[in-house]
Amino acid sequence: MDSTMDRLDAAGFLQTWQQFDLKDNGFIEGKQLDAFFQSILGKSGMKMEEITEDRIRRLRDSLPSSPDDSDNRRLHIHELAAMILPEEENFLLLFRRETPLDNSVEFMRIWRNYDTDSSGFISANELKGFLQDLFLEHRLSITPDKLEEYTVTMMMMFDKNKDGRLDLTDLARILSLKENFLLKFKMDACSQEDRKRDFEKIFAHYDVSKTGALEGPEVDGFVKDMMELVKPSISGTDLDRFRKALMHHCDINGDGKIQKNELALCLGLKHS
């Protein structure tokens, strides 16, 4: 790797990345790569006359081999961060998971844990706590100054409306939450028998504890996915309001949980 890159920090990398990933997809196209490398080298402090075609070609050649080496290849942010950033600056890689976060229940567990004041948003200070725990989880040390720098960088990258706090959608992007589970089902376009079968799959997905009732983050995860079917971007306060309404309507026995038969009744199904 070009030694010039040693002068690049995470903030500089993200600033350059956002100039190319305009749709916030998390990747750039292969045909953008040369221009991206040119910008990155400039951000690293290299003079324009030093940014030669040969230097850019060497950077391109250092990419991991791929079956698709055409301009249509997509380069993801973690892939390029791993290649370009010095190891001590590459905290973005901490968000890569061995197993992708594919259940809104676990996502909401994380959300509730770090939204410590129950404001419906993650403040900069709460994000700092999240990042600190992430470094501890990976057994990495971090100075207070670096922790502050990384917090500011994450806010800069993921706080899309620039209000100084993160909402549910922002955190979902940080954690790479997979597609809404409920999008797999079209309950208004199938028979009653099909709806019952789909209900069993849906309930099993959110009943992570396997108790036969949804509670805590299990209710949160179900509410989040239900709401996002009609409103793709929701706030924490939206979720809390709808959750309260759902519990009022569905928690028939008042135990603070949604039993399987209670949810079936709420959805207009007879559960035996």
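Visitor: Is tryptophan 17 buried or exposed?

Guide: Buried means under 20% relative accessible area, exposed over 50%, and partly exposed in between, with a 1.4 Å probe and protein chains only. Tryptophan 17 has 2% relative accessibility and therefore counts as buried, and phenylalanine 36, at 0%, counts as buried too. This is a predicted model, in which local features need pLDDT of at least 70 and side-chain atom pairs count only at pLDDT 80 or more, while totals for chains, interfaces and linings use all residues. Residues are numbered from 1 along each chain as its sequence is written, and side-chain values use heavy atoms, leaving out hydrogens and water.

Visitor: How should I read a pair of aromatic rings?

Guide: Such a pair is described by the distance of the centres and the angle of the planes. Rings of Phe, Tyr and Trp (its six-membered ring) pair if their centres lie within 6.5 Å, and planes under 30 degrees apart count as stacked, over 60 as edge-to-face and the rest as tilted. By this rule the count comes to 11 aromatic pairs. In one of them, the rings of tryptophan 17 and phenylalanine 36 have centres 5.9 Å apart and planes at 85°, so the pair is edge-to-face.

Visitor: Which residues form one aromatic cluster with Trp17?

Guide: Phe13, Phe20, Phe36 and Phe37 form the cluster together with Trp17.

Visitor: What kind of pair do tyrosine 206 and phenylalanine 222 form?

Guide: Tyrosine 206 and phenylalanine 222 form an edge-to-face pair, with 5.5 Å from centre to centre and 80° between the planes. Tyrosine 206 counts as buried at 0% relative accessibility, and phenylalanine 222 counts as buried at 3%.
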